[in-house]
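Q: Hi! I have a protein model open and would like to go through it with you. Can we take it step by step?

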Amino acid sequence: MKMNQAVVLVSSRSKAGEISLTALLAAVLLAAGSFKIPSPFFGGEFQLSAPLAVLMCAFFGFRRYLFAGIGASLAGLALGLATPYNIVVAMVFRVVAGAVVCLGRRRTAALMIAGPLGTAAARLVLAPLLGVDFLVLLAAAVPGMIMTAVAVFLLVKPFGAAIKKI
């Protein structure tokens, strides 16, 4: 199945369906962001939301993914689950990862590097905000970046098959 087919399937919904789908994607991103696999390095945990975010962008489109991400960030902030720093990091990740997905034309290799590049860009923005060396933040993130790339590779076909059945 080509990824463009899944996007067409989902984009044929009504306005109410579009809003509901975006809200559902936001809820999934918010919930998935709370599942973290710890890393031996401080600040290097792996969040399940990273590979899901990349796949959502690929299969549902950048605009829908970005709106869902904004919704998830606002809900996290309202619930006290996120800070403004978390939102800055998440939005940088979303824009960079989404750009890589779009520029890479949804090829598997582009999907695999989108998450790690988004994470690296987010750490680059976060470093001066926290007054921490970028390389320290990046080194702590490397295990999660690898896990994100592997997870995207393993999930791209099952995710596409699930979307096709919707």
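Q: Great. What kind of model is this, and how are the residues numbered?
A: This is a predicted model, where local features need pLDDT of at least 70 and side-chain atom pairs count only at pLDDT 80 or more, while totals for chains, interfaces and linings use all residues. Residues are numbered from 1 along each chain as its sequence is written, and side-chain values use heavy atoms, with hydrogens and water left out.

Q: How many helices and strands does the protein have?
A: There are 7 helices and 2 strands. Going along the sequence, the pattern reads α-α-β-β-α-α-α-α-α. Helices (H or I, at least four residues) and strands (E, at least two) are DSSP runs, numbered from the N terminus.

Q: And how much of the protein is buried?
A: Of its 166 residues, 44% count as buried. Buried means under 20% relative accessible area, exposed means over 50%, and partly exposed is in between (1.4 Å probe, protein chains only).

Q: Okay, salt bridges next. How many are there?
A: The structure holds 2. A salt bridge here is a side-chain nitrogen of Lys or Arg within 4 Å of a carboxyl oxygen of Asp or Glu.

Q: Which residues are linked in the network?
A: Glu18, Arg63 and Arg64 are linked in a network of salt bridges. Glu18 and Arg63 meet through their side chains at 3.8 Å, N to O. That pair links distant parts of the chain, with Glu18 in helix α2 and Arg63 in helix α4, 45 residues apart.

Q: What about Arg64?
A: Arg64 forms a salt bridge with Glu18 too, and the closest N and O atoms are 2.8 Å apart. Arg64 lies in helix α4 and Glu18 in helix α2, so this pair ties together parts that are 46 residues apart in sequence.

Q: Is Arg64 buried or exposed? And why?
A: Arg64 counts as buried because its relative accessibility is 6%. Glu18 is buried as well, with a relative accessible area of 13%, whereas Arg63 is exposed at 52%.

Q: Changing topic: how much space lies in the largest pocket?
A: About 1,200 Å³. Of the 40 residues lining the largest pocket, the closest to its centre are Lys36, Glu45, Gln47, Asn86 and Val89. On a 1 Å grid over the protein atoms alone, a pocket is an open set of points where a 1.4 Å probe fits, with protein on both sides within 12 Å along at least five of seven lines, and lining residues have an atom within 4 Å of a point. Grid points are joined across faces, edges and corners, and the volume is the space filled by probe spheres set on the points.

Q: Which elements supply the lining, and what classes of residue are in it?
A: Elements that each supply at least two lining residues include α2 (15–33), β2 (46–47), α5 (84–103) and α7 (134–164). By class, the lining has 24 nonpolar, 12 polar and 4 charged residues. Ala, Val, Leu, Ile, Met, Phe, Trp, Tyr, Cys and Pro count as nonpolar, Asp, Glu, Lys and Arg as charged, and the others, Gly among them, as polar.

Q: Where does Val88 lie?
A: Val88 lies in helix α5. Val88 counts as partly exposed because its relative accessibility is 33%.

Q: Which loop holds Arg105 and Arg106?
A: Arg105 is in the loop between α5 and α6, and Arg106 is found in that loop too. Arg105 has a positive phi of about 55° although it is not a glycine, and phi of Arg106 is near 60°. Most residues other than glycine have a negative phi. Arg105 is exposed at 65% relative accessible area, while Arg106 is partly exposed at 23%.

Q: Last one: where is Met145?
A: Met145 is in helix α7 and is buried, with a relative accessible area of 13%. Met145 and Gln47 are 98 residues apart in sequence and 9.7 Å apart in space, C-alpha to C-alpha.
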